[in-house]
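Hi everyone, thanks for making time this morning.

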Amino acid sequence: MFGWLVRNSPLLPRATATVVAPVKSGRLPGYRTKATTTTPAAPTAAAAAADADTVSATHGLKPKRKSRARTEVDDTRALVNLKVAELNDILRSCGLPQGTGKVRKIAALSEFISASYDLAQNRYSETNKNEARSASKVYECFVPKEIVSIDIGFRNLAFVHISRDGTVLDWRRVELLKEAAFEPWVLSNVVAEFVQNVLPLRKSALCTYLIEHQRFRSQGSAAVTDSVMVNNLVEALLYANLRHAGAHVAPINPALVSSHWGFIESRKNPTSSLVDEDGADISNKEQIIEAIIRMDNSLQSQRLITRTQLSLIKQVLQHQHTTRRTSATRGTSSLERSNLEKRDKRGLAVTRDLKRRLVKKERTIAMVQEWILASLISEAQPGSGTSVAISESLQSDIRLFLDEYGSTESPLGNGCYLKFSTQMAEMLCTESKRDDLCDCVIQGVAWYRWQHYITGILEKYAPTVCSC
């Protein structure tokens, strides 16, 4: 009221009648500042998840940051010139999530390159203390000499120990518990004994331990089952025990591994993802049924391949066996189709996801069995120094099969091929849970392929991003 009277008083000159009204900020009346201080908002769940992805993408290390006021544009200029599709290819080949937005992609990739270079320097310092440092030698130390890839499970935990040249040093499945009992005081002792007496323990500069990141839900269910809780507890205890032993541990996302090997179908395909994550239908019932039928046919064909591979392995090992004949072209019968038509869309979505998981399981087993066959064939060659004896006719059958269904590409991405012993091939033939054994192998091989690709990225972009 006082301010209104002053502004409208006829007794005061108009030039001096301007008085600033009191500011409702707890300060003295009439005092106003140009800049105000605000309290930063608490991080959201999305931001927390992004921070978690950043930690896993930087190898657990904090990159040595420089003052970005002057060098930010210069350091990332090589990355800024890349297109979004090129950035996505680099992120995918490095085993990183692609994220959204070009600015975020560049920032994530720049930080990852800095952390990767720091890790390479640390490994070089620990293994080459008396040698002159050069950039090429530092980059070579980025890929560890050995890895131990662990597929989590309280009943069916599997791990594989692989060297950089492709030699499989150890490979087995371990039963930690018979039942999913959530008893931390019991499981802590079991995991500690497993790490100390079963896992090969190596220095952090020589070996990296890969642990499959666990999910919090089972098949989209809202309930958290006992098995999911126990598996997450096993994961946490493995991290604690391995890091206490001085090992270098890295998480690995199973979805990125599946995407790397082509096990996850493209979302752009209208028949590959007919129901989105929250259960909303995005296609009609007939399309879902057609997708299930195609997956069923693919499953039967894939099972025939894995059974043929296993039969060939047993023949190499001179096992007596009988092979069940299964038609690879058997489709879903009319009766099965009529049963599918009686279900609702949600039930069909569950069936489709089950078929998809079964196809992935068979493809995983087929991939590892292919590598075992190739290893057995190479060991049978003259001059290999092994005692594997394979007849010429059987070698010819195996080569014809690998030429038709296999791949000639180096699994590790560095020109090296996996080398399995005959004892490991024997173990796989008698193992009931071959899928768990094969999961840890493709996980470790995918990670090794990423590391060899990252070495090339370091050679190309580290001099500018890290100013090294």
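Let me begin with a question: in which helix do Phe401 and Tyr405 both lie, and how many residues apart are they? They sit in helix 14, which covers residues 392–405, and they are four residues apart, about one turn of the helix. Before I go on, please keep in mind that this is a predicted model.

Let's stay with aromatic rings for a moment. There are six aromatic pairs in the count. One of them joins Phe159 and Phe194: the ring centres are 6.0 Å apart and the planes stand at 70 degrees, so we call this pair edge-to-face. That pair links distant parts of the chain, since Phe159 belongs to strand 2 (residues 157–163) and Phe194 to helix 8 (residues 184–197), with 35 residues from one to the other. Both Phe159 and Phe194 are buried.

Now back to Phe401 and Tyr405. Their ring centres are 4.9 Å apart, and because the planes are at 40 degrees, the pair is tilted. Is each of these two buried or partly exposed? Phe401 has 10% relative accessibility, so it counts as buried. Tyr405 is at 42%, so it counts as partly exposed.

Five strands make up an open sheet, in the order 3-2-1-4-5, with mixed pairing. At the edges are strand 3 (168–174) and strand 5 (248–252), each of which pairs on one side only. From one strand to the next, the twist averages 15 degrees.

Let's go through some of the neighbours. Strand 3 and strand 2 pair in the antiparallel sense, over six bridges, and here His161 stands opposite Asp170 of strand 3. Strand 2 is also antiparallel to strand 1, again with six bridges. Those two strands form a hairpin, with five residues between them. Across that pairing, Ile150 stands opposite Phe159 in strand 2, and you'll remember Phe159 from the edge-to-face pair. On to strand 4, residues 207–212: five bridges join it to strand 1, and these two run parallel. Ser149 has Leu210 as its bridge partner in strand 4.

Finally, the nonpolar cores. The largest has 77 residues, and those with the most contacts inside it are Trp171, Trp371, Phe420 and Val441. Which helix gives the most to this core? That is helix 16, residues 434–465, with 16 residues. Apart from this core lies another one, of 26 residues, including Leu157, Leu187, Leu199 and Leu238.

Leaving aside neighbours within four places in sequence, Trp371 is in contact with Trp261, Pro411, Leu418, Phe420, Val441, Ile442 and Val445. Two of the names there, Phe420 and Val441, were also on the list of residues with the most contacts inside the core.

Definitions and conventions: Residues are numbered from 1 along each chain as its sequence is written. This is a predicted model: local features need pLDDT of at least 70, side-chain atom pairs count only at pLDDT 80 or more; totals for chains, interfaces and linings use all residues. Side-chain values use heavy atoms; hydrogens and water are left out. A nonpolar core is a set of buried Ala, Val, Leu, Ile, Met, Phe, Trp, Tyr and Cys residues joined through side-chain atoms within 4.5 Å. Buried means under 20% relative accessible area, exposed over 50%, partly exposed in between (1.4 Å probe, protein chains only). Contact means heavy atoms within 4.5 Å. Rings of Phe, Tyr and Trp (its six-membered ring) pair if their centres lie within 6.5 Å; planes under 30 degrees apart count as stacked, over 60 as edge-to-face and the rest as tilted. Two strands pair if DSSP finds at least two bridges between them. Axes are lines fitted to C-alpha atoms, for helices over the stretch in contact, and angles run from 0 to 180 degrees between N-to-C directions.
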